[in-house]
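Open the model in your viewer and keep the selection panel at hand. The stops below are given in the order in which to select them.

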Amino acid sequence: MLTSYAAHFDTPAGYLDFARFGPPSQDAVDATTRAVQATARATHTTVDELMRAEGAARDAAARLAGTDTAHTVLLPNASTGLFHAALGLRQGTVLAPRGDFPSNQYPWRRAAQLGRAAPRWLEPAPGGGVTPELVREALTDDVVALSVSAVDFRTGFRVDLAALREVIGPDRLLVVDAIQAFGAVVMPWQAADVVITGGQKWLRAGWSTGFATLSDRALEELQPVLTGWTGVEDAGVFDGVEHPPAPDARRWSVTHLSPVTAASFAAALELVERYGAAAIESAVTVRVAELAEVVERFGGRVLSPAGPGRRAGILSFAVPGREPAAVARALHREGVTPTVRADSLRLSPHASTPVEAVERVAAALASVKVSGEPG
């Protein structure tokens, strides 16, 4: 565990639900508190001073993504970015996995209803993800883009972005929902044309935070359909006429974001920068491997891909003969917080997760096995 990193958080030891929500650091909480307190004592300089947090967050996001601020825009959530991408494509077919999280499906469905690009659904094998082979088989001349999640929300399967880029070639757009990866998984983000993430999970920034990065090709090909007044040239000139969209990623801006959440986001991003995504990923990988060993030791069936190169920070499992709800009750008794699905459970530790969490999971699974609690 990254001991000094963990010292920034007050998260309970048994919290293993970062794939759903990542409790923010004390740094982010303090930044939020200071911003809110400033609004309560507002003067003629307050708003301008608070708005600087947006620039700090955008700068940090660009550095972590390996790009610059001209190609980076802050967003209130990942879904907003996905709608920008979907509605920005004019015509053609978009490949997207049918079993992906709904936020990566509805934008493409809505785009098709409006006569723009339409989805063709990929069908990964059970427990599998979007592989280069799967995409290669589905490619046809009318395909203009591939939209994938960097990490599958159910199993933790991590896609090979570089290989996917090679398969689709340089003339098709690669759109990546990075919410289950960014900040905790090192990936070649520059292989994608659009990288979109929210900050409430692995980045631990709280809700209403996020950003997108756009390649030059994405800026050229995606129409700025949802551009708002803050996404145009001379946004501060209120002359009653339509201004052209900004030439850079700012064109995805609809309006000002909350400077309070921007302050939290900046603090969270800077913390990831300080410790490094690679070090965070390494710590997460250790905990996931330990949890997988415990699950299998007590008769559980791991549903996530084996090996750190194929999965990220998510471990999905089921206990044969036991309903997930019954296993969840045992975990709750030990102070463990999992994600509970109808057919499985999901454990997702972070770099701050202590080994005590693994011990608690072992105690819970041992109690289920011994007691024979009915489903």
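The tour goes from a sheet to a helix, then to aromatic rings and a loop residue.

Residues are numbered from 1 along each chain as its sequence is written. This is a predicted model, in which local features need pLDDT of at least 70 and side-chain atom pairs count only at pLDDT 80 or more, while totals for chains, interfaces and linings use all residues; side-chain values use heavy atoms, with hydrogens and water left out.

**The sheet.** Select the strands first. Helices (H or I, at least four residues) and strands (E, at least two) are DSSP runs, numbered from the N terminus. Two strands pair if DSSP finds at least two bridges between them. An open sheet of 7 strands has the order β1-β7-β6-β5-β4-β2-β3, with mixed pairing. At its edges are β1 (72-74) and β3 (118-122); each has a single partner strand, so one side of each lacks a neighbour in the sheet. On average, neighbouring strands of this sheet are turned by 20° against each other, direction ignored. Axes here are lines fitted to C-alpha atoms, for helices over the stretch in contact, and angles run from 0 to 180 degrees between N-to-C directions.

Next, select 173-177 and 194-198. These are β5 and β6, which run parallel and are joined by 3 bridges. V175 has V194 in β6 as its bridge partner.

Contact means heavy atoms within 4.5 Å.

**The rings.** Which residues do ring pairs link into a cluster? Select F182, W189, F211 and F265. Rings of Phe, Tyr and Trp (its six-membered ring) pair if their centres lie within 6.5 Å; planes under 30 degrees apart count as stacked, over 60 as edge-to-face and the rest as tilted. F182 and W189 form a tilted pair, 5.3 Å centre to centre with 40° between the planes. F182 is buried at 2% relative accessible area, and W189 is buried at 7% (buried is under 20%, exposed over 50%, partly exposed in between; 1.4 Å probe, protein chains only). F211 and F265 are also a tilted pair, at 6.3 Å and 35°. F211 lies in β7 and F265 in helix α9 (residues 259-275), so this pair ties together parts 54 residues apart in sequence.

**The loop.** Finish at D343, in the loop between β10 (339-340) and β11 (345-347). D343 is exposed, at 59% relative accessibility. Not counting residues up to four places away in sequence, D343 touches A318 and P324.
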